[in-house]
Amino acid sequence: MDIIYLLILLLVGSFATYFSGDKLASKTALVFGLASFVLSIYFLNQLNSGINLDIIFGWISEPNINFALKVDGLSLSMVLLTTSLTTLIVFSSFGNDFKNAKAIYALILLMSFAMVGTFLASDGLLYYIFWELALIPIYFIALIWGNGDAEERKKAVIKFFIYTFAGSLFMLVAFVFLYQKSKSLLLDDLYDLNLSSNEQIWIFLAFFLAYAIKIPLIPFHTWQANVYQKAPTIGTMLLSGIMLKMGLYSVIRWQLPIAPFAAKKYMMVLIGLGIAGVIYGSIVAIRQKDLKKLLAYSSLAHVGLIAAGIYTLTLDGLRGAVLQMIAHGFVVVGLFFIAEIIFRRYETQTISEMGGIRSQTSKFTSMFLILVLASVALPSTFNFIGEFTVLYSLTQVNLMFAVLGGTTIILGAYYMLKMFQNVMLGETNSKIFKDVTANETITLVIIIAVLFFFGMYPKPINDLITPSLEMILNVIKK
């Protein structure tokens with residue numbers, strides 16, 4: 001079976017969900033989401049058996065564009081992250097009552113289709129099409145089903161759209177230039193190009209604008225907090241759990257191997273930007289009064305560390321970054337779901353209006369605390385594996401980078417535990433906090449189980465991604 005069937009399944013699922021009607025939309029989306037995850041597992045087994053799953057056939061004759069998909073450990077790890085989290089996000093939303101539910105669930109599957117396509121595409125134009133397509137569903141999800149004042153939400157979402165779309169245009173220009181050089185946009189052909197140092201620098205910067213905005217890295221992050229706050233929680237989970245990984249993945253897959261000279265030349269600056277994001281995001285998170293905004297800036301700090309690891313151009317840096325990308329995806333989805341559970345009962349995201357929840361539900365308190373500790377990289381959790389490996393890679397470049405990057409653990413522990421104290425302890429809120437439902441419990445238990453399992457036994461993911469990363473490093477160093 002070809003990997004293209006996974007894309008077809010998600011696309012058909014999007015249409016089937018829309019035409020199933022509002023009452024059946026959530027269940028239809030869950031069935032297709034779960035089916036896509038099972039199919040991803042099937043392709044994982046195929047890959048581990050040594051079967052070549054790559055696809056390439058002519059698509060457009062002039063210019064020479066191919067429909068090409070590359071299936072290796074790196075791309076498949078991101079596909080598994082996407083399909084598993086899409087299924088969890090859909091399942092977690094069963095406690096919500098959306099207007100025009102068929103549309104929002106159809107958009108979720110359409111976005112998953114585009115993100116999977118982005119991770120698999122190995123032709124530059126096909127990759128760009130999937131990259132831009134992923135932007136459309138989240139735009140409408142945030143705009144139509146978002147929170148707060150409609151006018152403020154509209155401004156935040158339009159700013160996000162313009163920022164990301166404008167950055168992507170620079171990447172498109174880079175692809176046009178690369179096509180003029182090689183008469184092909186296939187990934188392997190682009191890897192084999194002999195670009196001059198100046199050409200590499202301009203290509204690198206064009207890609208960087210697209211990726212820095214999507215991740216985001218400072219100072220290209222100004223859209224993030226407001227959109228995370230204004231979007232419905234399922235939109236925020238899609239953005240933070242999966243979509244920002246498109247930028248980080250693309251740095252590894254496209255930017256570094258195509259323009260390695262520029263990556264080496266600006267290594268210190270790029271790592272510095274990542275570390276600056278760690279410190280800035282942590283400090284701003286401390287001052288937040290809105291729970292979703294605090295989690296948004298916490299995410300900014302974590303992805304800054306991931307980016308710093310990638311730009312070390314070491315195997316440990318790349319491997320630690322991918323591990324942390326996956327771990328961060330599950331943790332941040334869990335934490336935003338925690339915020340959604342509280343909002344369902346208290347109808348507020350303001351931290352000062354919460355409190356006293358621990359005395360009403362010990363089960364929810366325990367699960368929340370585990371996710372908080374996982375977020376600050378407690379040993380035995382998945383985040384610890386990724387962060388430790390990234391920090392180790394930073395010591396290979398400069399010890400001071402590792403020291404500064406390590407502040408994410410110290411500052412993170414401070415603001416996350418302080419947030420937990422203010423939200424869960426103290427005086428009881430006047431509203432009764434109903435205990436978590438079966439749906440909410442199952443969602444959180446699955447996330448926690450993943451974090452502990454791979455925190456104790458990361459070998460399957462290590463073995464999956466390492467050959468791909470070694471190949472990319474060989475291209476960078478040649």
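L110 lies in helix 4, where helices (H or I, at least four residues) and strands (E, at least two) are DSSP runs numbered from the N terminus. The model is predicted: local features need pLDDT of at least 70, side-chain atom pairs count only at pLDDT 80 or more, and totals for chains, interfaces and linings use all residues. Residues are numbered from 1 along each chain as its sequence is written, and side-chain values use heavy atoms, with hydrogens and water left out.

**Exercise 1.** Determine which residues L110 touches, not counting residues up to four places away in sequence.

Solution. Apply the contact criterion, heavy atoms within 4.5 Å. The residues found for L110 are L11, S14 and P137. As a further step, take A68, 42 residues from L110 along the chain; the two C-alpha atoms are separated by 20 Å.

**Exercise 2.** Describe how helix 5 and helix 7 pack.

Solution. Two packed helices are described by the angle between their axes and the distance between the axes. Axes are lines fitted to C-alpha atoms, for helices over the stretch in contact, and angles run from 0 to 180 degrees between N-to-C directions. For helix 5 (residues 124–133) and helix 7 (residues 150–182), the angle is about 175° and the axes are 11 Å apart. Helix 5 is therefore roughly antiparallel to helix 7, a class that covers angles over 145 degrees. Next, list the contact: helix 5 supplies G124, Y127, Y128, W131 and E132, while helix 7 supplies F165, S168, L169, M171, L172 and F175. Finally, sort these residues: eight are nonpolar, two polar and one charged. Here Ala, Val, Leu, Ile, Met, Phe, Trp, Tyr, Cys and Pro count as nonpolar, Asp, Glu, Lys and Arg as charged, and the others, Gly among them, as polar.

**Exercise 3.** Characterise the salt bridge of E152.

Solution. Side chains of opposite charge can pair when their charged atoms come close. The criterion is a side-chain nitrogen of Lys or Arg within 4 Å of a carboxyl oxygen of Asp or Glu. The partner of E152 is K230, with the closest N and O atoms 3.1 Å apart. The pair links distant parts of the chain, since E152 is in helix 7 and K230 in helix 10, 78 residues apart. A search of the whole structure finds eight salt bridges.

How values were computed:
Parallel < 35°, antiparallel > 145°, perpendicular 65-115°, else oblique.
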